[in-house]
Amino acid sequence: VLVAGFFSTFGWYNRYGIVALDSQGNMAGFPDVGRYVNCLKKQNDGNVLIGSNGNTTVDAVLRFDVNSWKIDQSFVLDPLLKNGSVTSIAVQQDNKIILCGEFIINGIKKSLVRILYSGELDTSFDFTLQDDNNLVRNIALSPNQKIIIDLSNGFLSNSVHTIMRLNSDGAIDTKYNNIKPATSSPVQFYTQTDGKILIYGNLPNSKGNPGAGLNRLLGEDYN
């Protein structure tokens with residue numbers, strides 16, 4: 001089990017951001033990342049991606065080998081993304097990596113980008129609906145490789161959230177009926193193997209949200 005988050009010690013040990021536990025809850029290993037960790041994602045080859053807040057000395061995304069616990073030096077994050085902040089990661093079947101967070105690319109704020117397995121920015125990924133007022137807060141990948149996003153428009157308590165679906169290349173899926181939950185808080189996702197989508201978070205009872213906290217969406221046009 002991998003445990004990640006905002007901690008600098010584990011038990012009696014100085015361990016920043018991430019540790020591995022065995023079946024008894026004992027520490028089994030750790031990569032030396034030296035900072036807090038926002039998110040983790042296992043790649044198709046078994047190695048693990050770490051998302052955090054980047055700066056001039058530490059990249060926003062690292063990859064480590066789960067067998068050696070060493071940082072993978074062959075993974076070099078694109079310089080345009082190094083100082084970004086990564087809050088969610090999804091890995092597509094072709095090993096391309098979708099990053100959700102906040103980045104400044106050529107003076108433009110982005111919140112959803114895709115990189116290649118090597119870490120290079122994938123310029124073929126074409127999600128255009130993002131700027132200072134439209135930020136992607138969370139993502140999930142459907143079994144058919146389409147991308148579910150929570151797009152926030154506005155600021156803090158006044159923000160309006162829209163659940164949208166994108167094609168695998170980042171283009172908006174016009175066949176999907178966008179949903180606006182009755183909340184100003186970010187929405188979390190879990191995609192089922194049948195294409196249905198669980199959404200959860202601060203979702204009050206309303207006509208649009210019959211269940212407080214947890215709802216399920218049909219996987220429209222899944223096939």
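Tutor: Here's the walk-through, starting with the rings. Keep in mind that this is a predicted model, where local features need pLDDT of at least 70 and side-chain atom pairs count only at pLDDT 80 or more, while totals for chains, interfaces and linings use all residues. Numbering starts from 1 along each chain as its sequence is written, and side-chain values use heavy atoms, with hydrogens and water left out.

Searching the whole structure turns up two aromatic pairs (rings of Phe, Tyr and the six-membered ring of Trp, with centres within 6.5 Å; planes under 30 degrees apart count as stacked, over 60 as edge-to-face, the rest as tilted). Phe6 and Tyr36 make a tilted pair, because their planes meet at 45° with the ring centres 5.5 Å apart. Phe6 sits in the loop between β1 (2-4) and β2 (9-10), and Tyr36 in the loop between β5 (27-29) and β6 (39-42), so this pair ties together parts that are 30 residues apart in sequence. (Strands are DSSP runs of E, at least two residues, numbered from the N terminus.) Phe6 is exposed at 59% relative accessible area, whereas Tyr36 is partly exposed at 37%; buried means under 20%, exposed over 50%, and partly exposed in between, with a 1.4 Å probe and protein chains only.

The other pair, Phe64 with Trp69, is stacked: 5.8 Å centre to centre and 25° between the planes. Phe64 is buried, at 0%, while Trp69 comes out partly exposed at 21%. There's also a charge over a ring: Arg63 lies over the face of Tyr117, at 4.1 Å from the ring centre (the rule asks for NZ of Lys or CZ of Arg within 6 Å of the centre and within 35 degrees of the ring normal).

On to the loops. Most residues other than glycine have a negative phi, which makes two spots worth a look. Asn106, in the loop between β10 (97-105) and β11 (108-115), has a positive phi of about 55° and is exposed at 66%. Gln145 has a positive phi of about 75°; its loop joins β12 (134-141) and β13 (147-153), and Gln145 is buried, at 14%.

What about the cysteines? The structure holds zero disulfides, a disulfide being a pair of cysteine sulfur atoms within 2.5 Å. The sulfur of Cys39 is 8.6 Å from the closest cysteine sulfur, that of Cys100, so a bond is ruled out by distance. Cys39 is buried at 10%, and Cys100 is buried at 0%.

Last, the strands, which pair if DSSP finds at least two bridges between them. β12, β13 and β14 form an open antiparallel sheet in that order; the edge strands β12 and β14 (160-166) each pair on one side only. Seven bridges join β12 to β13, and Ala140 stands opposite Ile148 in β13. Elsewhere, β15 (residues 187-191) and β16 (residues 197-201) run antiparallel with five bridges, and Thr191 stands opposite Ile197. These two strands make a hairpin with five residues between them, where Gly195 in the turn has a positive phi of about 90°.

Notes. Helices (H or I, at least four residues) and strands (E, at least two) are DSSP runs, numbered from the N terminus.
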